[in-house]
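Please have the sequence and the 3D view open while reading.

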Amino acid sequence: MRVQAIPAALAAATLLAVAGCGGHDSAGTAGDGDATPTKAAQQATSGDFGDLKDVCGPGDAKSAPAQGVTADTIDVGVFSDVGFTKNSEFVDTAKVFTSWCNAAGGIDGRKLVATTRDSRLTEVRQRMLEACKDDFALVGGGAALDALGVQDRLKCLLPDFPAQVSQVQNVGSDLQLNETGGASYGRYAGYYDWLLKQAYPKSATAVGTIAGDAPVTKVLNAETGEMLEAAGGKITYQDLYPAAGVSDWTPYAQSIKSKGVKGLVFNGDFASLAKLEQILTGMDYKLDWIDANNNAYGPAFLQLAGTSLDHQNNFADLSGVHPLEKAADNPATGQLVALFEKYAPKAHITLPGVRGFAAWLLFAKAASSCGDALTRTCVYQAATKETSWTGGGLLAPVDLSKKDAPLTCFNIEKATSKGWQPADFEPDDGAYRCNAPAYEYKGDYGKPLTLADVGKSMSDVK
């Protein structure tokens, strides 16, 4: 996210899904921006996307079978903290998708109408109650404090196709189609196995973690420590930095150096990481690796890190999203770039934005299969039948028929002075490596809410 646009005293509270909550905001298109739209990308109104055929198109819908659905339109809500963060990535993605889909004929002839539900960080419940009154479903959005709205969403039986999920109570909650894995499993097990056992095995004896002192990131830091130890790492340094911000990162850098930390996981905002790395570099202390988390995946971190990029090894796991800087190598990503150029030329494509577009595709494909009888039950059940969902080629395959399952594919990026580039992690399936171990958490970090928790069941969903 654009932390530089947020008051410093609130920076830690705006760690929207940092390091493991379904993708992280970045300040613009990753890499060096040299993506070239493919020939397929020029067919903007065909209704095809990537390897998906007829996602959108004309039809003869005549009925109004559910809330938010008429013979002419489908009303959906898009959650975003844009009023607080000033980051419009989910709003931009909704604009691009609905413009393209409606130009192709809509969903069985019904036009998509997307309403931004601006949760402004702390107003999640208020926006959820509004969505419960008007929307057919939630699509392509996310909120940092999303646990505040999940109970009301389940009470009103509102399906959710999120771009990003943050808090444990919401990750994999009922009526949610989450493309980023289940809450019970460590998403970065393959990544940490690679760092500690293959790329830098000597670093396993001295690993450190540091996180923003905020509820979301403190949980993430605990989960991270468990995953690192399971991968064979020895935690020799753990720390938090205050929500009010850090004026001088020197004490943190000195602690890292004095403890001989060789690998560091940073669960925080990339602007703070860049400052820490500048101090470390000035002290001539080089770690074997730094997990910058994929919040840093974008040009803003590269600019802030500056010359420290040549001194420190920064990595990020994209968890199965095709790299944006390699859009020319992937028809679906190239098509996405072209659609943004056509419908939102001033907007940036971000990692959460890519996941958001894939969520829109999932919703549209499922809704299209329902035809005139478009109900919440139909669209949800249709989406859960996707056993190898790739968003037309934007993502590594994900089995959505399994509610709580580990991700099997990962892909690692390295920050360089020339841009973000794929690391040498030995992919075995195109851009991805799909042999990640399944690590189930042993600690108690909370559980996602279910329909039963609010006195409901699937038989109540209409």
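## A buried aspartate

Asp317 lies in strand β9, residues 314-317. Strands (E, at least two residues) and helices (H or I, at least four) are DSSP runs numbered from the N terminus. This is a predicted model: local features need pLDDT of at least 70 and side-chain atom pairs count only at pLDDT 80 or more, while totals for chains, interfaces and linings use all residues. Residues are numbered from 1 along each chain as its sequence is written, and side-chain values use heavy atoms, with hydrogens and water left out.

Asp317 is buried yet has no salt bridge. Buried means under 20% relative accessible area, and exposed over 50% (1.4 Å probe, protein chains only); a salt bridge is a side-chain nitrogen of Lys or Arg within 4 Å of a carboxyl oxygen of Asp or Glu. The nearest side chain of opposite charge, Arg187, is 7.6 Å away. Here Lys and Arg count as positive and Asp and Glu as negative, with His and the chain ends not counted. A polar atom of the Asp317 side chain lies 3.4 Å from the backbone nitrogen of Asn411.

## Two aspartates with positive phi

Most residues other than glycine have a negative phi. Asp54, in the segment before β1, has a positive phi of about 55°. Asp54 is exposed, with a relative accessible area of 57%.

Asp284 sits in the loop between α8 (270-282) and β8 (289-291). Its phi is also positive, about 60°, and Asp284 is exposed, with a relative accessible area of 60%.

## Cavities

The whole structure has 5 cavities of 30 Å³ or more. On a 1 Å grid over the protein atoms alone, a cavity is a set of points where a 1.4 Å probe fits but cannot get out; a pocket is an open set with protein on both sides within 12 Å along at least five of seven lines, and lining residues have an atom within 4 Å of a point. Grid points are joined across faces, edges and corners, and a volume is the space filled by probe spheres set on the points.

The largest cavity holds about 150 Å³. Its lining has 19 residues, and Phe79, Leu138, Gly142, Asp160 and Asn170 lie nearest its centre.

## Pockets

The largest pocket has a volume of about 500 Å³. It is lined by 36 residues, with Val168, Ala183, Glu223, Tyr441 and Tyr445 nearest its centre.

Methods: A polar contact is a pair of N or O atoms within 3.5 Å; within protein, one must be able to donate a hydrogen and the other to accept it, and residues adjacent in sequence count only if both atoms are side-chain atoms.
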